[in-house]
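Let's take a friendly walk through a protein structure, one step at a time. Keep the picture open beside you as you read.

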Amino acid sequence: MANKKMLNGAEILLQSLKDCGVDTIFGYPGGAVLPIYDAIYNDEHFKHILVRHEQGAAHAAEGYARSTGKLGVILVTSGPGVTNAITGLTDALLDSVPVLCISGQVPTALIGTDAFQEADATGLTRSCTKHNYLVKDVNEVEETVKQGIQIATTGRPGPVLIDFPKDIQLAKTEYNDSKKSYIPSYHPKAKPDLDKIQQAIDLMENAVKPVFYTGGGIINSGAKASKTLVELVKATGFPITNTLLGLGAYPGEDEQFLGMLGMHGTYEANMAMHGCDVLINIGARFDDRVTGRIEAFAPFAKKIHIDIDQTSIDKNIAVDIGIIGDAAEILLEMKKIWDKKSIKSQDKKLKPWWDQINTWREKDSLGYIQDNEDIKPQYAIDRLYQKIKEKDFYITTEVGQHQMWAAQYIKFPTPHRFMTSGGLGTMGYGLPAAVGVQVAHPDSLVIDVAGEASIQMTMQEISTAVQYNLPLKVFIINNKWMGMVRQWQELNHGCRYSESYSDALPDFVKLAEAYGAKGLRAEKLSELDGVIDEMIAHKGPVIVDILVTKQENCFPMIPSGAAHNEMILNEDPIPETSEEGLAKV
Amino acid sequence: MENQELDAIEQISHYPIPPDNGEADTRHVLTMLARDKTGTLARVIGLFSARNYNVDSLSADNIDVERGISCITITTRGTNKVIEQIKRQLERLIDIHCVIDVSNSKDRVIRELALIKIRAKGQARLEALTIANSFRAHVVDGADDTFIIEISGAPRKIRTLISLLKPLGLAGVVKTGTAGMINSSYSPFEEILKQEEKS
């Protein structure tokens, strides 16, 4: 059409994003993206959140995406802008989070000349994105953006990067408003094999010691998947355990829920995995933190594995039935067959299995003793949960002991409530992720359960929270150690504590105040509840410094090279720390 | 490494070591049809290096310029489990249409082309030419003391010829890499064309 308006590449980018339903961008400006920032300046539609470091933008987009199920979008400049974002993109790849990263690039004619702030963005991110693009023609901008969003959000979700040279941002063309993006070689949605679903149901019907083991794939598949999962678990009467990323897909307080499994999973979950005769894995990937020693993993079980990604099946653990497809679709089919077969109540058949599980539960593997005025970290998180459980809450975490305690003691009623870095294990994830979650849910209670070491990796994002008046709370479990490193040094390296103690730490209360947030501290047990109450009541961002006992280990634990039935529990003796081991502390 | 040593590493490393079931590696020729886009080959090769797979031979070229389809052939080694994982990983790449394991079929044709330069005079030259002739290789260029022969055939035939020519003055070898195809009624290339027409 002759009267179509000419737009520049930057405007076309924004129009394409708008057409795909994007309204929030996490970013940081710089030379190579100034035309895009100029276009945003004139566009009321977008809410742009200015972070303090590009890694923060990526994690914020992850938090936004994981708490909503929508795409998270980041905008960074060339060179250091994109290299800073790489940790976040890799994190999103490992945890299957839909993220679109738009990076500026030097003008096309300068690519390859080592120009100022030039970095080979597509080369650098090839192995940490699901797909990436370098746009070389303004007429390709719209199609590329729409394809990129399609790739990021369909199939197994993941990060996509679009590298956008500055001259293309300024070149002009017409906007086509094309509705359909078609990639001939991309087939994200496999039709599940109905025969295999039938076989799976047959195995389940005859199982006497079954267990569901479900992961983040349920949450990524959407609300229908979680809902159908709950229905199927209820209909079968089977026990269920969740992976770290799968927490919330099944209600955490339900009696059929065994808690999280894996290296720091509950005794009952791991023993059930070891003893089961039929294992139904839906949307989890047999990660090494879950399997422990491979030969000894669920040795008596027929294994069913349902995953949308064909590479997950038979990668780490060989399975008996592998079904490729979307969790919601397959769960609906399973539920349909189960109902149609009018399978009679499994209660009697399953009773010995549940009796066994209940004796494992009696071990109370998450038990701890809070016996004096020093705050136990487990107790601090337990109290936090007790005080927020009736509220509309979201939890993010950093990485380490506090992360595992949060996963153990906080029960999630619904999906999308728990944002944590599982696959990559990125210290510094929690605070920026909380920024993204709070932007998506401005009226909810968003808490980053943090450690004093992790939080310092992306501390600067508290400034973002203050700028946008995001009332997020940073709940620091402060033991002055990199607790998980210390724990492994204790258990695996002869108690030689090499470089795991932080002899200097900021005063987190003063730091909060310096940033314009509120700072609180609890040093003694008697102060804990009051501080949590005050934190929740405060309308703005808060940093809470909880000084906890220093030597606490995270239990239960599957030690190195061990199987699920060889867990270390809290009551087991641990080695004495020698003078020599502390010599450098 | 001895089993005990591996156990000790597993004890400390906190990563489970996949069990070794004693299965030997086999060689496979994998042919991919791919979208002819910037970086497609880099993605394929990057996948092999990132996941610790072997590339023994590689060839790539455009086979349909108009539709932008290229063919990449890689010869690799691994246990059946590893080969299956390689196939799935490759198929997961956005720009890959399909992966065909040519080695799995009885009706396979696997060929290479090599250019071989010989530096020889007199008796050695005669002998080289006789050997080349018996392999149905032919001379494509000649000079005073060197000449180039061209041969195509199964990789093993070419390896044999090269080893026979070695003592007679082998001065250089260039190979195209493996090309493989299955002679069956199913043709993935036709499938792709059909699919593209439909949409």
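How many salt bridges does the structure hold over all chains? The count is 37. Please keep in mind that what you are looking at is a predicted model. The idea behind such pairs is simple: side chains of opposite charge can pair when their charged atoms come close.

Two packed helices are described by the angle between their axes and the distance between the axes. For α15(A), residues 377–388, and α21(A), residues 525–537, the angle is about 40 degrees and the axes are 10 Å apart. Angles under 35 degrees would count as roughly parallel, and 65 to 115 as roughly perpendicular, so α15(A) is oblique to α21(A). Their crossing is right-handed. From α15(A), the contact is made by Tyr379(A), Ala380(A), Arg383(A), Leu384(A), Lys387(A) and Ile388(A). From α21(A), the partners include Leu525(A), Leu528(A), Asp529(A) and Ile532(A). Sorted by class, the contact has 9 nonpolar residues, 4 charged ones and no polar ones.

Helix α15(A) has another neighbour to meet. It also packs with helix α16(A), residues 401–409, at an angle of about 45 degrees, and here the axes are 9 Å apart. These two helices are therefore oblique to each other, and α15(A) passes α16(A) in a right-handed crossing. On the α15(A) side, look for Pro377(A), Gln378(A), Ile381(A), Asp382(A) and Tyr385(A). On the α16(A) side, look for His402(A), Trp405(A), Ala406(A) and Tyr409(A). This contact divides into 6 nonpolar, 2 polar and 1 charged residue.

Helix α1(A), residues 9–19, and helix α6(A), residues 141–153, have axes that come within 9 Å and cross at roughly 35 degrees. This crossing is right-handed. Among the residues that meet are Ile12(A), Leu13(A) and Leu17(A) in α1(A), and Val141(A), Val145(A) and Ile149(A) in α6(A). The contact of α1(A) with α6(A) has 6 nonpolar, 2 polar and 3 charged residues.

Next, let's look at where the chains meet. The size of an interface is often given as the accessible area lost when the parts come together. Between chain A and chain B, about 2800 Å² is buried, and carbon and sulfur atoms give 52% of that area. The contact involves 37 residues of chain A and 28 residues of chain B. How many salt bridges are found across this interface? There is 1: Asp309(A) pairs with Arg92(B), with the closest N and O atoms 2.5 Å apart.

Finally, two details of the backbone. Most residues other than glycine have a negative phi, and most peptide bonds are trans. Asp314(A), however, has a positive phi near 65 degrees, and this residue is found in the loop between β13 and β14 of chain A. A cis peptide bond joins Phe555(A) and Pro556(A), with omega about -5 degrees. You will find Pro556(A) in the segment after β20 of chain A.

Note on methods
Residues numbered from 1 in each chain as written. Chains lettered and ligands numbered in written order. Predicted model: local features only at pLDDT ≥ 70, side-chain atom pairs only at ≥ 80, totals over all residues. Heavy atoms only, no water. Axes fitted to C-alpha atoms, helices over the stretch in contact; angles between N-to-C directions. Helix = DSSP H or I, 4+ residues; strand = E, 2+ residues; numbered from the N terminus. Parallel < 35°, antiparallel > 145°, perpendicular 65-115°, else oblique. Left-handed = near helix turned anticlockwise from the far one by under 90°. Contact = heavy atoms within 4.5 Å. Nonpolar A, V, L, I, M, F, W, Y, C, P; charged D, E, K, R; others polar. Buried area = accessible area lost by both parts, 1.4 Å probe. Salt bridge = Lys/Arg side-chain N within 4 Å of Asp/Glu carboxyl O.
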